[in-house]
Structures are given as structure tokens and as C-alpha cells.
Amino acid sequence: MGSLIAELRRRNVLRVAATYAVVAWIIIEAGSVLLPTFGASEAAFQIYVVVVAIGFVAALVLAWVYEVTPEGVKLEKDVDRSKSITKQTGRKMDLVFIVLLVIALGVSVTLNITGMRDAPEALEVPVAAADSLSIAVLPFTSRSTDPENQLFADGIHDDLLTRLANIGALKVISRTSVMEYRDTTKNLRQIAQELGVGTVIEGAVQRVGDNVRITAQLIDASTDEHIWANSYDRQLSAVNLFALQSEISEEITRALQATLTDEEQVRLANIPTASLPAYNLFTQGRDNLYKRRLDTLQLARGQFEEAILLDPDYADAYAGLAVSVLLILNNHQAISPDEAFAIAEESLDKALSLNPDLSQAYAAVGLLKSQIWQENRSGPGLEEAEAALTKALDLNPNNASAYMWFASLRGSQNRIEEAIDLYHDSLRVDPLGKIPYANLPGLYALRGQNEEALDLYVKAVEIHPGWPTAYRNLAAHLQGLGRMDEAVAWGRKGMELSADPLGGSSMVGAYMEFGDYEKVGSLFSGVTAGHPMYEYGLGMEKAMQGDFAGAADIVERAIEGVENPRQFQLSLVASFAMFAGDFDRARKYAELHEPDFAADADPEIGADNVAALVRYAFILQNQGENKRANALLETALDVVRTLPRIGLAGHGIRDVQILALRGRTREAIDALREAIDQGFRGTVSSNGWPLAIDPYLNSIRGQPGFEAMVGELDDAIARMQQRVVQAEESGNWDELRALVESS
């Protein structure tokens, strides 16, 4: 054996083997990226690897038989060994081997570390193995000369997608994600990999006068082979369009050999409206609804209302109207709750009376019931919401909105793991959907995974660069992390993209920490009389001037006669009255805000109401009820110690406040030191007011250790404010925004 190895070395066979292995590695790594780019199938790549492996054997045989010499390649038996050319050749091969190793390392780094190999995944959601029953319906192209007909083509595309999504045997990617591939240069295999599907539908619509032609083809994404294709010519009418979409859906289902139940067959045959003008308005409204901006939501509301005027029996339009007003309320506060709830409830009752099997209507009922509960914090709203959302998913297991709103419901119940799972279910059918990017990172923040949450917020900005909410959420999280200057930089970008007069709200906390109340006022200059938040703004203005009694009066007058005041309004009056020293009024509104506090000596406490409990205990202390106040504070302390300190869901220095109220001075100061070391920089994000006026800390003010740390915080905030001032003066916010990528 020793003599064989020696002979292999002498003939440079081992060097050739090592060199070939490195070259093969480079070839296979490069091929794993380049072959899919040109549409090669998995089988083609496997053949590619086998050929490279066969070449290895051939290289060893050639190395044994031949020798590379200065005079050229010779048969090994003809080489004159006396000239030691084998050693010379070996040294040259060693040099080549080293160079190739460096190249291999570079290729590996490029493909693996920089992410060139990977498809751009959204939230790192594991994608199940794709099969033929998973479908992405790519945007249909318009072959009409009128560019406005693209919206018509989009409407047909969306309706076909919706009908397929109602077939339980299929996994159908939602519109939000597939629309990202309009005019893409990516091949079908790459698109399918990114969306986690096995088949892709392509189509085109040509509208000429009173006629329409629709062509569609179903393609196996792994082989690029056509499974099914057809074209249809019809006279243009709403009835013909819906009948045609049903026919296409059935043909695709048969081509995939998927099961179609009797109930699904009936739903496929449904004709939502016979009015083509109403249908056109509905498709425009639906398109605006997807964009999730205040201006587009308001446009959508009007378009759904017009569609209903043209066809009072259009169930889908009623469901769309309900969703539009609920999102205007939930996302932008640009409609009163009473108006939004009344419109939504009436519209959804009508929608379900017209079509009892309309999944989106049930999903909207779930959203409505959940929002009503959020406003009133009482009644069976959560149970009713759960029932409606479950029904929506039974009817359409591909309903991304139902998954998202169900996740939000579970989040409000503090069932965090279930909420995270539901958002991932949503991403399974809508990998590029906006709402998971808005809400899922916050759930990670609730678990104290602030870096993971930050990464996801940044990813949201990258994937949806024109969506203001992504920037506002990132700004809010940065503020909670104590990075006020970065919060302003990102918040400004969100405000620039938004028509919402509340678009600058994510910067309020930072500017309050800076003490720049004039800037805070300017952020709300667009909130004028008639806006639902106008009185709130007037109250905040009074509070920033130090007139807390006047602030409480303004907000209190705004809710006089309102049967169900909003939770934040009750909380504001309680806090303003507390700062004004009017503890009777403060207690009244604190108990209206959290009725359980008054009714239950041992109320249930969690992350969502612990701040209100500390305020209530402080009010009780000032009314002489120290025994109950202290018991509540101890309960609150146990809860706070289970919560993250910083980030979007951070409690800040709630433990410091509780310890100070309990008179445990040394522990309070030690807890403040710990908070600062963890990144805490201000209380506005967790309290709503700056540390300088925090009444909970009065017992430790003047303590040397406390005052030294306050000075440390003031210095840190001043440095951040200076960076913001410099960016404002130069107009260059890029340096501050870049910090988030280097953290």
C-alpha cells in the first residue's frame, strides 16, 4: 500500500485529485445559481453534477498515464526522471491548487454569505414542499390598446384567483404577493420557488368593443411544461365574465386532478352581479383597498358605495365597503368608531343575507367584532369574532385576510404563539403580504426578541418601500429601543409617503423627549376641526403647555354624551386629571377605562393593562388607600418582571416606578441603572410623558445616584437631538437610517 501511495505522489495523481475536487466545487456552486436562472430543471442540474463526477475519474486516469513536462504533455513511460521535472511540475500544481482554493472560498462567500443563492424570502417563513396543487396566478396582461383596460384585466385576474382560492384542495397565493411579479424578468421556476408553489397560471385579456378574449395557461414550474391551456371569446357582460371565470376554474381543477366538492361547485357558479358598471367600480375599489393607504381606502369606500347604488344586491361590494371603513378607523383614525361600526354592521348583514357563503364577509365580521371589543373591552366580541373567522377559513382556507385578522385577535388575547402561527399561515398563501410585516414583528418584540423584530421591520421596508406603515412601525420600535434620532429619520420617510394627517405620529415620542413641543404641534398641523382626533390634539396642546386641568376638560367635553367613549380618551382624561392633582376625577376615568379595577380586589393583570394599574395604584395612594395600592403594586411588579424592558413592547422603567412608589429607594435606583445599561433612554414611548415630570418617581428625586443617571440620560438625548438637527439642516437623513443596518 505504501508503494502505491508513493507512486501516486510521484505521478502527481493526488495533486490532480485535490485540484479537480476544488475545480468541481467551483463549477457545482456556480451551476446551482446559474442553471435555475436560465430555467433549467432539477433533473438537468442532477445530470450536470453526474457529468462533473465522471470527469473526476477521467482526470485520475489521465494523471496516471500522462505527465506534464516543460516540453509538453508526455506519456509517463517516456519521461526522463533524471531531470526531476516531476518535482517541478508538482510545485507548479501546488501553486495552482492554492489559487483555486482562494477562488473557491470567494465563490462560497459570494453565494452563501451575500445571499445570491437564496430567493428573497420575506420573514424567513419555512415553505412547504411545493406540489401541483399549489398555484400562483400571475398578473394577466392587457392586450388592448387602451391602457385603462389593464385595470379591467386585473379585475378578471383577481376574480379568477378568488374563485380558485375557494377550492379547498388547492393552495392559491394571494393577490398581494403575485402582483409583485408584474413585468418581472424572473423565470417561472424562480417565481415558483419564491412563492412556494408547483404550478403557475399565466393569462392575457383583450377587450375590443363589446367583446373580450381571455387566454390562460397552466404551467408546471419545475419542468416549464404546459399542463393545460385554452382561449375564450365572449360578448362582454358581467354574467359572461363570471361564467367564464367559473369555467376556467373548473377546467384548471380537472387538469390538476383536484377534488371539487358539491358546495364548491355551487360557489363557483355564483354570479355576484349582472351590472358591468357596478363590477368595474368594485374592481377599482378592491384595487384601492389592497393599497392600504388613507387616500386609497377613502377612494375604495366611495367606489364600493357607488357600486351598491348601481346594484343593491351586490354582496361583494357590501363586504368591501365594510372592510374599507374598518381599515380607515383602525389604521388611520379618520372616521369615528360609531360611524364605522354602524356602516360595517349594516353592510355585512346585507352581504351575508345575499350570499351566506361569502368568506370575505365572515372575515370582515371577525374584524368588526374584534374592533368593537377593543373599543369597549366588554361583551362577547372576541368569541363572536373567533366564530366568524373560523367560518371564513372553513369556506376559504386560502383567505389571507382571515388569517391576519385571526392572528390580531389572538394577539389581543395575549395568545402570542398562536398569533405568530396564524401570521405564518397567512404568509403561506400571501408570502409578500403587508399586514404580517406590520404586526408579526411586534409579537417578537413582546417575547423580548427585539433584534429579530428589528430585522423584520427592516425587511418590511425593503419589500414594501412605498408603504408608509412599514416606516412608522420601524420608527416606533427604534424609539422603544432608545434610538430617538433613528426613529425620527425613519418616521420622516413614512410621513413623506403618506397623505394621512397623523402620518408623523411615530416621531412624537422622540420630539417630546427632545423637549421640542413646537415640532410635536407641527406634526399634527393637518388634523383640523372635523377630524375625529381634533379634540385629542387640542388636549395634548394644553398638556404640553402644562395646563393639565384644561387638557382634561377638553377631552372630557369631547366625550360628553357619547355612549361608548374610546379607551384612549378615557385614559387621557384619567392621566391629565392625575397630573392636575384632581384625583377624584382621575379615579372616575381610570375605573371607566378599566372597570375591573373597581369591581375586583384582585383584578387580572397582563402586559396590556399593567401601566393602567400602576396609575390606578398611584391615585389610590393619593386618596389614602395605601393598603390596597401597595397590594396592587406588588402584583404589578410581578407582571412587569416578565416583560421586555425596551423595544416596541418594552415597559421602560415600570419596575423603577413601582419600587419608588413602594418606597424601596435603593432597589429603584439599581433598577434604573440596569435599565440604562440595557438601552433605556426615555419614558414617552412607554408612559406618554417624559421622565422629568414623572410623578411616580418623586420619592427618589434628589438622590445623588438618581440625579447622576438623569444627567446621563439628558446627555444621551441631547446628542441624539443634535444629530437630528444636523440632518434637518442638511436634508440628509441617510446616515441616520444607515445605522439600523449596522446594528
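Figure 1. Glu-728 is partly exposed, since its relative accessible area is 30%. The structure shown is a predicted model. The side chain of Glu-728 forms a salt bridge with that of Lys-519, with a distance of 3.6 Å from N to O. Lys-519 belongs to helix α23 (residues 517-523) and Glu-728 to helix α34 (residues 704-730), so this pair ties together parts that lie 209 residues apart in sequence. Lys-519 is also partly exposed, with a relative accessible area of 25%.

Figure 2. The side chains of Lys-369 and Glu-384 meet at 3.5 Å, N to O, in a salt bridge. Because Lys-369 is located in helix α14 (residues 359-376) and Glu-384 in helix α15 (residues 381-395), the pair ties together parts that are 15 residues apart in sequence. Lys-369 has a relative accessible area of 21% and is therefore partly exposed. Glu-384 is partly exposed as well, at 35%.

Figure 3. The structure contains 37 salt bridges. In one of them, the side chains of Arg-483 and Glu-486 meet at 2.8 Å, N to O. Is this pair of side chains buried or exposed? Arg-483 counts as buried because its relative accessibility is 17%, and the cut-off for a buried residue is under 20%. Glu-486 counts as buried at 6% relative accessibility. Elsewhere, salt bridges link Asp-158, Asp-159, Arg-175, Arg-286, Asp-287 and Lys-291 in a network.

**Figure 4. Strand β6 and its pairing partners.** Strand β6 covers residues 199-208 and runs parallel to strand β3 (residues 134-137), to which 3 bridges join it. Within this pairing, Ile-135 has Thr-199 of β6 as its bridge partner. Strand β4 (residues 141-142) also runs parallel to β6, and 2 bridges join these strands. Here Ser-142 stands opposite Val-205 of β6. With strand β7 (residues 211-220), by contrast, β6 pairs in the antiparallel sense, over 10 bridges. The bridge partner of Arg-207 is Val-212 in β7. Strands β6 and β7 form a hairpin with 2 residues between the strands, and in this hairpin Gly-209 takes a positive phi near 60°.

Figure 5. Which residues of α17 are buried? They are Ile-416, Ala-419, Ile-420, Leu-422, Tyr-423, His-424, Ser-426, Leu-427 and Val-429. Residues three or four places apart in an α-helix point the same way, because the helix has 3.6 residues a turn. The buried residues of α17 pack against β5 (171-172), α16 (400-412) and α18 (434-446).

**Figure 6. The surroundings of Ser-324.** Ser-324 is found in helix α12, which comprises residues 315-332. Its relative accessibility is 0%, so Ser-324 counts as buried. Which residues does Ser-324 touch, not counting those up to four places away in sequence? The contacts of Ser-324 are with Leu-289, Leu-297, Arg-301 and Phe-304.

Key: Residues are numbered from 1 along each chain as its sequence is written. This is a predicted model: local features need pLDDT of at least 70, side-chain atom pairs count only at pLDDT 80 or more; totals for chains, interfaces and linings use all residues. Side-chain values use heavy atoms; hydrogens and water are left out. Buried means under 20% relative accessible area, exposed over 50%, partly exposed in between (1.4 Å probe, protein chains only). Helices (H or I, at least four residues) and strands (E, at least two) are DSSP runs, numbered from the N terminus. Contact means heavy atoms within 4.5 Å. Two strands pair if DSSP finds at least two bridges between them. A salt bridge is a side-chain nitrogen of Lys or Arg within 4 Å of a carboxyl oxygen of Asp or Glu.
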